[in-house]
Amino acid sequence: MNKKIHKHIMFYLGEILIVGGAFSLLLLYKFGFAAKLMIVGIMLTSYIVLGLLHHKMNNDIKGKIVLEYILISLIIFALFLFTNITKL
């Protein structure tokens, strides 16, 4: 278990930095809607790519995993749009 965590720590840190950094930007600064949309888009694309790369390197990538990353990203994107619908 301990070796498994150490083996994947860089991917976990990368995901935390990407998602945490994007949310920090969104919360700390007052960007326009287009800039926020771009930040969320980059964050979600990075999340998908990093997650799929991680699974590809472990040779355990499957269709279900790809679908899961895409669906989670779409849910987060939909939540972003619904919470910012008045700013369109």
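Reader: Leaving aside its neighbours within four places in sequence, which residues is H55 in contact with?

Author: H55 is in contact with D60, I61, I65 and Y69, where contact means heavy atoms within 4.5 Å. This is a predicted model, in which local features need pLDDT of at least 70, side-chain atom pairs count only at pLDDT 80 or more, and totals for chains, interfaces and linings use all residues. Residues are numbered from 1 along each chain as its sequence is written, and side-chain values use heavy atoms, with hydrogens and water left out.

Reader: OK. Where does H55 lie?

Author: H55 lies in helix α2. Helices are DSSP runs of H or I with at least four residues, strands are runs of E with at least two, and both are numbered from the N terminus.

Reader: And is H55 buried or exposed?

Author: H55 counts as buried because its relative accessibility is 15%. Buried means under 20% relative accessible area, exposed means over 50%, and partly exposed is in between, with a 1.4 Å probe and protein chains only.

Reader: How many helices and strands does the chain have?

Author: The protein chain has three helices and zero strands. From the N terminus on, the order is α-α-α.

Reader: What about α3, which residues are buried there?

Author: Those are I65, Y69, S73 and F80. Seen down the axis of α3, they fall within an arc of 65°, so they line one face of the helix. The arc is taken from the directions from the helix axis to the C-beta atoms.

Reader: Which residues are exposed on the other side of α3?

Author: On that side, G63, K64, I75, L79 and F82 are exposed.

Reader: New topic. Which residues make the nonpolar surface patch?

Author: F23, L25, L27, L28, Y29 and F31 make a patch of about 650 Å². Patches use residues with over 30% relative accessible area and no salt bridge; like charges are joined within 9 Å, and nonpolar side chains (Val, Leu, Ile, Met, Phe, Trp, Tyr) within 5 Å. A salt bridge is a side-chain nitrogen of Lys or Arg within 4 Å of a carboxyl oxygen of Asp or Glu. Accessible areas come from the Shrake-Rupley method with a 1.4 Å probe, and for residues only the protein chains shown count as cover.

Reader: Where does F31 lie?

Author: F31 is in the loop between α1 (2–28) and α2 (33–57). F31 counts as partly exposed because its relative accessibility is 32%.

Reader: Last one. How much of the chain do buried residues make up?

Author: Of the 88 residues in the protein chain, 26% are buried.
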